[in-house]
Amino acid sequence: MKTIIFATSLVFISVFNVSATPILAFSPEPLNLDTIEQGSSQSITLKGFNNSKHSIHLEDVISQNVGGSNYEFPPTLAPQQNFSIKFQLNTEHLEGPFTHRVVLIETDGTPHVTQIEGVVASKIMFSQRILNLDYYKSGEERQWEFYAWNPKGHNFELFLDSIAQKHFKLHTQKVKLDVNNPEKITESGKTPGLKLKLSYRNNEKAPPAGALKSIRNIVGFYSPQFPGIAVELFMVGYWQD
């Protein structure tokens, strides 16, 4: 199963630059992409300037967040000269406001960080994003009812992915929704959507004493009308002895 915005390829690096002028200055900083579509692939060019009086030799360029790939960068950044870094940003697993950090790593391990910001416009909205199991006993059934819709009013179908089908069952019904108030979605509007009835049953035994008993699962869906995007909800709970 694929994971949205909650799963990253993480390399955490903290950079403290006491100099008023950074060695590598990027313009603009951060780079603002405004609003982009979920499931799209963006060609990004970062423009920078080497403020130092010596060449900087790059070993690699990496992302601290999900979605970056195919980095193109010069192995040497000449002193007092402009340079550019190019890469692809895939928004399949991104949703809503995001910050994407790009790290340039010198051959001696010195990191230089720049930042990209933007908003990924979701193609499928849910009236409920977190499914709460509370305390759960093996074999019990839990049910939730909520809504899904496309912000542009497009019709779509929604199905559980193969992993979610192990413990979940889904029934959908086409409805017309009023989505003006995100806190109170009702079936009294003009926006086409789906009423979702989702049930969960897990017959596995509860973890033994001393084991981790919290439940955290990603519930994956797919839509034939919106290929190339990760559609996921988050389920939380706690095993009850």
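## Burial

A residue counts as buried when its relative accessible area is under 20%. By that cut-off, buried residues make up 39% of the 241 residues in the chain of this predicted model.

## Overall dimensions

The C-alpha trace of the chain spans about 65 × 50 × 30 Å along its principal axes. The radius of gyration is 23 Å, while a compact globule of 241 residues would have a value near 18 Å.

The chain holds 17 strands and zero helices. Five strands form an open sheet with mixed pairing, in the order β2-β9-β8-β4-β6. At its edges are β2, residues 31–37, and β6, residues 76–77, each of which pairs on one side only.

The partner of β2 in this order is β9, a strand covering residues 111–121. β2 and β9 run in the parallel sense and are paired over five bridges. In this pairing, I36 stands opposite V120 of β9.

## Surface and charge

The chain carries 22 positive and 23 negative side chains. The centres of these two sets lie 7 Å apart.

How values were computed. Residues are numbered from 1 along each chain as its sequence is written. This is a predicted model: local features need pLDDT of at least 70, side-chain atom pairs count only at pLDDT 80 or more; totals for chains, interfaces and linings use all residues. Side-chain values use heavy atoms; hydrogens and water are left out. Two strands pair if DSSP finds at least two bridges between them. Helices (H or I, at least four residues) and strands (E, at least two) are DSSP runs, numbered from the N terminus. The radius of gyration is taken over C-alpha atoms; the globule rule is 2.2 Å times the number of residues to the power 0.38. Buried means under 20% relative accessible area, exposed over 50%, partly exposed in between (1.4 Å probe, protein chains only). Lys and Arg count as positive and Asp and Glu as negative; His and the chain ends are not counted. The place of a charge is taken as NZ of Lys, CZ of Arg, CG of Asp or CD of Glu.
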